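Welcome! Take a moment to look at the sequence and turn the model around on your screen.

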Amino acid sequence: MAEPDNDDLINLIEGEEKESDLPSTLPLVVVRDVVIFPDMLLPLFVGRNKSIRAVEEAVAKNGFILVATQKKNTAEDPQPNDIYTIGTISRILRVLTLPDGSVKALIQGITKAKIIKYLRKRSFFRVKSEIIFEKPVEKITLRIEALMRNVREHSEKIIAIRGESSGDINSILESIESPGNLADLVASNLKLKINESQKLLEMLDPIKRLKKVNTFLSREFELSSMQARIQSNVHIELSKNQRDYFLKEQVRAINKELGNENDKFQEIDEYKKKIKKANMSAMASEEADKELKRLSFMHSDSPEASIIRTYLECLIELPWDKSTQDNLKIKKAKIELNKEHYGLEKIKDRILEYLSVKKLNPNTKGQILCFVGPPGVGKTSLGQAIAKAMDRKFVRISLGGIRDEAEIRGHRRTYIGAMPGRILQGLNQCGTNNPVFMLDEIDKIGSDFRGDPSSALLEALDPEQNSEFSDHYLNLAFDLSNVMFILTANITDTIPSALLDRMEVVNLTGYTEEEKRTIAEKFLIPRQLKENGLKPKICSISHGAVLKIIQGYTMEAGLRNLERELKKICRKIARKIAEGEKKHFHVTRNNLEQFLGVEKYYPEMDKEESQIGLATGLAWTQVGGEVLYVESSLLSGKGDLIITGQLGDVMQESARAAVSYTRANLKTLGIKKDFFENLDIHIHVPAGAIPKDGPSAGIVMATSLISSATGKPVNKDIAMTGEITLRGRVLPIGGLKEKALGALRAGINTIIIPEKNKKDIVELPDNVKRKIKFISIKNMDEVLPLVLQKVTKKNVTAKTNSAQTKTDSFRLRDAEKNNRSKKRPDLG
């Protein structure tokens, strides 16, 4: 049943249900502390499982439900004998499921009904009911009119005594002309006992019911008058209470001298001792004493006292001067880092440099590092290894998807349920003020109307400001300068520039096949054997099998999928051992498919032969380097340019620059001057369903177009990367290491790079430099002789064929299908 909006709700309340339309079989909700009258509108809190299922059943059907009251308020699971037989058929207007699983339902009573038979009792009550018709009032006599007026006047007086007088309430009472409806309205608002309300509900004579209500009103009027007199006397008692307060203070002093101090005084003294022991800053200690003084004047059970206690506990538990002793033995720290991670020499050197400076200057400020790299390269685990090497506590919080500034800086104490931000919570949990604090997924932080969390991080991550970090809940300065913050991200593009400026970015690129094999044999396989209850003498995996898993079952920059495949092998072996097989399981290249099935990744079909109009580029994505294929085709038309493949603005500009370069150099390229006048140019980058963008696809687009125009195929064994200008200059690119690793994974051993990127080759691993031949170029004229092959007879035949365009289109479609099978991620 859909939830009605406000207009629908008003129509539902004001509308009348025909009694003949009401179903006779209904779910039953048993209530314990209220009696529902016809036309009564009431929010009902439903907590018992039977009642919740009954509400769900009613909402799923027609929204009608029978509400009856249980006889004894203490019965937790009332049975039919514990339930009054007469209740009210009601309609559910709105339903809200609360966090604790209970249900809040807005219902309106319609008519009285009697339970005839219980049709279902287990999961919830379903009953057969019969509508009860009241005795009609044929004529409103003077006696009845006087009785109704008396009820109205008593009701208005009670409302006035309570201070709830309103013209709307008086108008509602005056507008009711039916004695029965007036009796039900007044009875539903009287504070009656359950049995009294039930008797009124069961009275079918409206006149008798109205007389009974009038009796109850007289009693309620006397009670309300007495209550009002009591309230007026309270003000007189204030002076007496003040006098009593001073006397109690004197009694407290006497008890203190006698050693008979009560619990409240003991609590205050304990807080004083804890505040002194916490060694807070002067400002924090002053604020704590101020709040403690306020607490001493409050009643122990007051809500504000509870808020002050929570605040004091937070102040006391924070590690104001608690810190761990750093391990400044450089050689030992180096051993710990090498024990946990293979490679990553630059990052290890950076940590050892920090420890060296810390050893020479103990007052050096905490560092703020940002590890940037594709998933699975070990950013988070590296932070744990750093904490272990330094003998510091490790704290990690994930910032992915956070949109509320209060998550970082905390809530102000004016809000109910306020708490400190996640930074102070993390320090509170670890118990020291100098942990290694990892903020994970900093590039996936968001913002909305609740604030910008990235802006809130500026203060925490600025070494010049974080010594006085201010949390909204604490409202005091806390020193974060001893914390070593480590942030992780997949890319830096989505990190605000002001925040990025405060970090020292350390790039973690993907691993080569040799590095993956070494890591798998040293770390991953022993860990999976241990986790799956296996021993090396029972199970072993050969070098060739590990290499085949890397090449044929994973296509990633990191190691997560590799570890998943190794875990899959160990699970299958564990199952065989559990089923009774007793032998040594040795996994090799030959029997690997028995454990992992057929290979998931194969070399691109485009590599089988060089093709006209198909060039190989390189892309740098969030998950590492990837091979990027660019296709071009010439079609009969009017010289238009068609660009497909969900290319971003930068790549579209690269395509236009490539076309302009080609058309400006037709003579140099040996192409007729009017060649493109009656041809449309179509440039496509598979796969079409994946958005792509980036400033390094210029030369590969120009090469693909020139290949289509000249009919010369592009060498399939050469990949290229670089941006092109209108004059043909090749501009430098970023992410050379990632792109080189992506080419290596795709089996490409020759890469054309811009001249200005030669300096980046020095940073590449030695095995990558051994396996890949890098050719540096300055101009587009240098690219074409390297990649365009001579025209063979087969190529000439293909070009002169009148169906060349259609044949190329089918070939490109096959290439796109193969590219999609690799599940290439979005390009950065």
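## The second largest pocket

The second largest pocket holds about 850 Å³ of space. A pocket here is an open set of points on a 1 Å grid over the protein atoms alone, where a 1.4 Å probe fits and protein lies on both sides within 12 Å along at least five of seven lines; lining residues have an atom within 4 Å of a point. Grid points are joined across faces, edges and corners, and the volume is the space filled by probe spheres set on the points. There are 32 lining residues, and those closest to the centre of this pocket are Lys-346, Asn-507, Thr-509, Lys-737 and Glu-763.

Which elements each supply at least two residues of the lining? They are helix H12 (345–360), strand E13 (504–507), helix H25 (736–745) and helix H26 (766–771). Helices (H or I, at least four residues) and strands (E, at least two) are DSSP runs, numbered from the N terminus. H12 gives the largest share of the lining, 5 residues. Sorted by class, the lining has 12 nonpolar, 9 polar and 11 charged residues. In this sorting, Ala, Val, Leu, Ile, Met, Phe, Trp, Tyr, Cys and Pro are nonpolar, Asp, Glu, Lys and Arg are charged, and the others, Gly among them, are polar.

## How to read the model

This is a predicted model, in which local features need pLDDT of at least 70, side-chain atom pairs count only at pLDDT 80 or more, and totals for chains, interfaces and linings use all residues. Residues are numbered from 1 along each chain as its sequence is written, and side-chain values use heavy atoms, with hydrogens and water left out.

## An open parallel sheet

Now find the open sheet of 5 strands, which has the order E8-E9-E12-E7-E13 with parallel pairing. Its edge strands are strand E8 (394–398) and E13, each of which pairs on one side only. From one strand to the next, the twist averages 20 degrees; axes are lines fitted to C-alpha atoms, and angles run from 0 to 180 degrees between N-to-C directions. Two strands pair if DSSP finds at least two bridges between them.

Follow E12 (residues 484–489) next. E12 pairs with strand E7 (residues 368–372) in the parallel sense over 5 bridges. Along this pairing, Phe-485 is the bridge partner of Ile-368, and Thr-488 stands opposite Phe-371. Strand E9 (residues 436–440) also runs parallel to E12, joined to it by 4 bridges, and here Val-436 stands opposite Met-484.

Is E12 enclosed or open? E12 is largely enclosed by the rest of the structure because 6 of its 6 residues are buried (buried means under 20% relative accessible area, exposed over 50%, and partly exposed in between, with a 1.4 Å probe and protein chains only). In a regular strand, side chains alternate between the two faces of the sheet. In E12, Met-484, Ile-486 and Thr-488 point one way, while Phe-485, Leu-487 and Ala-489 point the other way, and all are buried.

## Another covered strand

Strand E3 (residues 64–69) is mostly covered too, with 6 of its 6 residues buried. On one side sit Phe-64, Leu-66 and Ala-68, on the other Ile-65, Val-67 and Thr-69, and all of them are buried.

What are the pairing partners of E3? Strand E1 (residues 25–31) pairs with E3 in the parallel sense over 4 bridges, and Val-30 stands opposite Ala-68. Strand E4 (residues 86–97) pairs with E3 in the antiparallel sense, over 4 bridges, and Val-67 stands opposite Thr-88.

## Residues worth a click

Two loop residues have a positive phi without being glycine. Asp-39, in the loop between E1 and strand E2 (41–46), has a phi near 70 degrees. Glu-441 has a phi of about 60 degrees and lies in the loop between E9 and helix H16 (453–460). Glu-441 counts as partly exposed because its relative accessibility is 24%.

Asn-490 lies in the loop between E12 and helix H17 (497–500), and with a relative accessible area of 12% this residue is buried. Asn-490 and Pro-375 are 115 residues apart in sequence and 6.8 Å apart in space, C-alpha to C-alpha.
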